Amino acid sequence: MLQTVALFATLLLFAMLIEPLAERLKLPFSSFLVVIGFLGSELIVMMGFDTGLRWYDFVDLILHLLVPIIIFESAFNANFKALLGNLPAVLFLAIPAMLFAAGLTGLLIYWGIGDGTGFPLLTALLAGVILSATDPVAVVAIFKKLGAPDRLNALLEGESLFNDVTVIVLYSILVAASLNPDAGLTVWGASFTFAKSLLGGVLVGLLIARCARYLYRWCIGAYAHTLLGIIAAVLSFFVAEHWLHVSGVVAVLSAGLVLGEFCRKTAQKDHHFAPEFWELNAYIANAILFILVGVTITVSMFTSQWPAMLVGIGAATLVRFVVIYGLLPAFTLLPRIEPCNSNYKQVMMWGGLRGAVSLALVLAVPVEVEGWYTVQSIVYAVVIFTLFVQAPLMDRLVRKTIG
């Protein structure tokens, strides 16, 4: 365990030292973390050492610590007013459009691979679900520099925030079905579990956030207020996930949205500390995830799985195009729904990046799931495409369309 911690600390330190190079090359820092993780692990293996990393060592760390931190930070620091003003479109993209995208992506991957024995349909649908989690971190950073419209920012951030939790709920259902094929997954049963997990998580998060808001008046100082937020986040996840068996990440999301808006509205001199604290936590969680991806990438993955990787990249890109240029315009024809102009669609289409949540989920896929290695290879390929192709071109696209 200590060897693993030392390895991650060393790789992260080296990556931070060359972070200025990433800015100069207009590449996301995440891409450098992946490269450093890969090169570092390959060098260690060539020297005859064992990294000590095994999938069962970090599943709980990823799903029960890193992912909740990332979700809570995104919710806590979200622009609540802009999000609320665009809530219909955000929820459309995050739930029905995401379900469509996950299903179509899974089917395209299944048909593209064409191996129903080694790669069953349920596993392909799992890959489609994981690839439906968007991560616009690189895009939002550009938005902040250029002063992009609040609506565009809210649509991309809101879609990512809400569809991440939807994806995680679906992921849990599909993994359970893959590990227990005799249980018999039905549409009705899956729908009921999905609705119960979402609604139950929302109620738990709102209730604990309300209690935390009441206790704020008894706390004095930035440390006490931030500690209360930590307790609320931990309790939300634990009560929902382990006591009530509903979605812990949905509870964390609900609590983060409520507490973040409450902290911004309260007239306190220390209101900047909590947002920065959660940004630091999310930074660390993302760094660990991307280094972990680099460490677990192997050369054989590209030599043996490259056809599946290309199928995954093509399917994910095509489905994103269908959602943004097909489903979203149809939805905005409804009364009182503000349409999106062509510039917004271009940015949203190319800005549907895949990142931390997709990586977290695919790293946690149990090896007992049939075709798990193919799923991991596909998701890695799409994320690498995001980091080294999509993200570097976003700056020019955003400046051209809205700059």
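This is a predicted model: local features need pLDDT of at least 70, side-chain atom pairs count only at pLDDT 80 or more; totals for chains, interfaces and linings use all residues.
**Helix 7**

I looked up the extent of helix 7 and found residues 96-113, 18 residues in number. From first C-alpha to last, helix 7 reaches 26 Å, close to the 26 Å expected at 1.5 Å a residue.

Next I checked burial. Ala-97, Met-98, Ala-101, Ala-102, Thr-105, Gly-106 and Ile-109 are buried in helix 7. They cover an arc of only 160° around the axis, so they lie on the same side of helix 7.

What covers these buried residues? I noted helix 6 (87-94), helix 8 (121-130), helix 10 (150-179), helix 15 (299-331) and helix 18 (372-401) among the covering elements.

**Aromatic pairs**

I counted 12 aromatic pairs, with ring centres within 6.5 Å as the cut-off. One of them is Phe-273 with Phe-277, which is stacked at 6.4 Å centre to centre and 20° between the planes. Both residues sit in helix 14 (residues 273-296), and because they are 4 residues apart, about one helical turn separates them. Phe-273 is partly exposed at 32% relative accessibility; Phe-277 is partly exposed at 23%.

I then took Trp-350 and Phe-385. Their ring centres are 6.4 Å apart and the planes stand at 75°, so this pair is edge-to-face. The pair links distant parts of the chain, with Trp-350 in helix 16 (residues 342-350) and Phe-385 in helix 18, 35 residues apart. Trp-350 is partly exposed, at 21% relative accessibility.

Last, I recorded one aromatic cluster, formed by Phe-72, Phe-76, Tyr-223, Phe-273, Phe-277 and Trp-278.

Conventions:
Residues are numbered from 1 along each chain as its sequence is written. Side-chain values use heavy atoms; hydrogens and water are left out. Helices (H or I, at least four residues) and strands (E, at least two) are DSSP runs, numbered from the N terminus. The expected span of a helix is 1.5 Å times one less than its number of residues. Buried means under 20% relative accessible area, exposed over 50%, partly exposed in between (1.4 Å probe, protein chains only). The arc is that of the directions from the helix axis to the C-beta atoms. Contact means heavy atoms within 4.5 Å. Rings of Phe, Tyr and Trp (its six-membered ring) pair if their centres lie within 6.5 Å; planes under 30 degrees apart count as stacked, over 60 as edge-to-face and the rest as tilted.
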